[in-house]
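Have the structure open as you read.

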Amino acid sequence: MYKEVIRTGIIGAVLAIAATGCGSKDSGAQSLLDQAQAAFDNGNYKESLVLIDSLAKAFPEEISIQRAAMHLRPMADEQLTMLEIEHNDSAMAAAKSEVERLKGNFVFVKEKDMVEGYTIHKEAKKHPLINRTGLEARIDERYNLYVVSLLNGRSVNHERITISGAGGEVSTATVAYDGASNYRFNSGGVSNESVTFRGGKSDTLCMYVAEHKGNALKLNFIGKSRYSVPLSATDKKAVAETQEYAVALQNNREAELRNAYL
């Protein structure tokens with residue numbers, strides 16, 4: 001927004017200068033160069049670069065002034081990059097600090113028969129989705145957040161879940177039965193339904209839990225019929241903190257990539 005306001009003002013000034021006629025071209029070009037230099041001296045490097053661009057477009061024939069602008073441009077670019085590095089360093093430090101704060105609550109799981117491992121909250125690891133109804137949040141090796149549901153002892157043929165309470169309800173995407181992401185099995189004569197939900201709606205569901213972890217929430221299994229249970233305090237805590245950790249990991253990765261680019 002600020003850059004667009006600057007650009008609009010500069011374009012108006014350039015048009016006004018150009019409209020006064022050929023006799024004032026040199027003074028108009030010099031005026032823009034002086035403004036660009038003043039912006040640079042005041043630490044307004046983006047504004048300085050916008051002015052230099054305007055100068056190049058409006059007065060291409062003013063060779064000597066264009067040369068001076070060409071000298072100023074790389075200095076403005078360099079200073080702007082230095083500022084971006086400084087800001088990114090702060091963001092990276094904050095992200096690393098958040099990762100360090102949370103990582104002690106998580107473990108990485110990868111068994112011999114698994115193609116890809118995942119990160120899970122220690123509380124969820126203590127209470128695995130085996131013969132119990134509940135919800136589990138996981139982080140894959142690319143830092144994507146996803147959720148796994150398990151319905152124990154009921155036959156709903158669920159293809160999606162929702163979390164309701166605190167004045168609202170959020171849903172995962174629908175995952176049709178395929179024997180892989182959505183599968184059913186018997187354990188000790190008890191039926192179980194397990195579904196893995198990936199994608200942006202999983203993030204939204206986990207974010208909702210994190211924002212309302214102090215409230216009573218319901219976990220709803222929806223398929224041919226609907227079955228609801230309270231979302232346990234353990235699952236609520238694990239899902240909420242896993243969402244926080246996934247965001248911290250993603251922010252840290254983005255800051256590191258941006259640092260390498262700069």
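## A stacked pair

Phe185 counts as partly exposed, at 28% relative accessibility. Keep in mind that this is a predicted model. Tyr183 is partly exposed too, with a relative accessible area of 33%.

Searching the whole structure turns up 3 aromatic pairs. One of them is edge-to-face: Phe40 and Tyr45, at 5.4 Å centre to centre with 65° between the planes. Tyr183 and Phe185 make a pair as well, with ring centres 5.6 Å apart and planes at 25°, so this one is stacked; planes have to be under 30 degrees apart to count as that.

Are Phe40 and Tyr45 buried or exposed? Phe40 has 16% relative accessibility, so it counts as buried, because the cut-off for that is under 20%. Tyr45 is buried as well, its relative accessible area being 14%.

## Helix 3

Tyr45 also belongs to the buried residues of helix 3, which include Ser48, Leu49, Val50, Leu51, Ile52, Ser54 and Leu55. The helix covers residues 45-58, and its 14 residues should span 20 Å at 1.5 Å a residue. Its end C-alpha atoms are 20 Å apart, so the two values agree.

## Arginines over rings

Two tyrosine rings are worth a look here. Which residue lies over the face of Tyr118? That's Arg138, at 4.1 Å from the ring centre. Over at Tyr146, the charged end of Arg198 sits over the ring, 3.9 Å from its centre.

How values were computed
Residues numbered from 1 in each chain as written. Predicted model: local features only at pLDDT ≥ 70, side-chain atom pairs only at ≥ 80, totals over all residues. Heavy atoms only, no water. Phe/Tyr/Trp six-rings, centres within 6.5 Å; stacked < 30°, edge-to-face > 60°. Buried < 20%, exposed > 50% of the residue type's maximum accessible area, 1.4 Å probe, protein only. Lys NZ or Arg CZ within 6 Å of the ring centre and 35° of its normal. Helix = DSSP H or I, 4+ residues; strand = E, 2+ residues; numbered from the N terminus. Expected span 1.5 Å × (residues − 1).
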